[in-house]
Amino acid sequence: MDSAAVERFEAGRGRLASLAYRLLGSAADAEDVVQDTFLRWQAADRERIEVPEAWLTKVVTHLCLDRLRSAQARHERAAGAWLPEPLLEGDPMLGPADTVEQRESVSLAVLTLMERLSPVERAVYVLREAFSYSHAEIARILDVTESASQQHAHRARVRVTAERRRGSEEVDLASARRVVEEFLAAATSGRTERLVALLTDDVTAVSDGAGRAKRLLRLTTRERVASYVRAGFRPTPVKRRLAGGSPVFHIAVLNGSPAVLAVVDGRVVGTVVFDVRDGRVASLCGIAAADRLVRLDEAWRQHGSDAPVVAAW
């Protein structure tokens, strides 16, 4: 393949990766799809491709749909053991992020909600909301009619909006960080009553059980969530051994939301991502499965960090 064809593909690699990540919720899978697309681009009769960007978008989308429909993916996601892969602020895979809709489409909350959509509904939602494709363009990408594209978009938007109705407004990250700092201080000091006060009445929490649970743990009610968080942040020799040492805690931004990172010797071993609403925590998502933290850990090591918020645990 000539260098011009390679350069043309590389110029669009970031956009293709961002599309694949939104469709799959996994940076690792998104990278695999983009590489598979490159191989198809390499083998294609490029002189017959009138609009390379449209051709590449279609290939990526269909490869993602194949993965979403695969037996393995259906089993993993249906089994209740799946969470999106969190990404550090500034990761190019999070782009584009110019509009509220684009930023919302890559939040962990929406990536999780999109699991309830059919693969085609998910594709239409992402292409429309995050990449502003017209229904005519989406119809050509997915090989459906414009009317079908509009129907899929409507159903997807209704389902996502209904689930996100309680916290769809954008959050001021500086204010949200202060809430998370106070929450972390209460969790690590054992002040359960203060934890309860920092939670909304309809708070929810989901966790992969420190990366060891076969099914996701889901909690509701302020008291249950506060009790689980306090137990999770209570230091024990067993937890230190499982983590590979005594972690320090940093606050960062993942997928547009404030998060606490547990870091051992510069390595990210777990994270809790927060949804903050009206000065209180509306939801928490705890992720510690090693395969979900690979890209985040690499970015954290390269990015460097400020001093930890909690340096002794």
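**View 1. What lines the second largest pocket: 25 nonpolar, 6 polar and 5 charged residues.** Here Ala, Val, Leu, Ile, Met, Phe, Trp, Tyr, Cys and Pro count as nonpolar, Asp, Glu, Lys and Arg as charged, and the others, Gly among them, as polar. A pocket is an open set of points on a 1 Å grid over the protein atoms alone, where a 1.4 Å probe fits, with protein on both sides within 12 Å along at least five of seven lines; lining residues have an atom within 4 Å of a point. This is a predicted model: local features need pLDDT of at least 70, side-chain atom pairs count only at pLDDT 80 or more, and totals for chains, interfaces and linings use all residues. Residues are numbered from 1 along each chain as its sequence is written, and side-chain values use heavy atoms, leaving out hydrogens and water.

**View 2. An aromatic pair, F183 and F274.** Look for an edge-to-face pair, 5.3 Å centre to centre with 75 degrees between the planes. Rings of Phe, Tyr and Trp (its six-membered ring) pair if their centres lie within 6.5 Å; planes under 30 degrees apart count as stacked, over 60 as edge-to-face and the rest as tilted. F183 is buried at 2% relative accessible area, and F274 is buried at 2% as well; buried means under 20%, exposed over 50%, partly exposed in between (1.4 Å probe, protein chains only).

**View 3. The ring cluster of F233, F249 and W313.** The F233 and F249 ring centres are 5.5 Å apart with planes at 55 degrees, so this pair is tilted. F233 counts as buried at 10% relative accessibility, and F249 at 5%.
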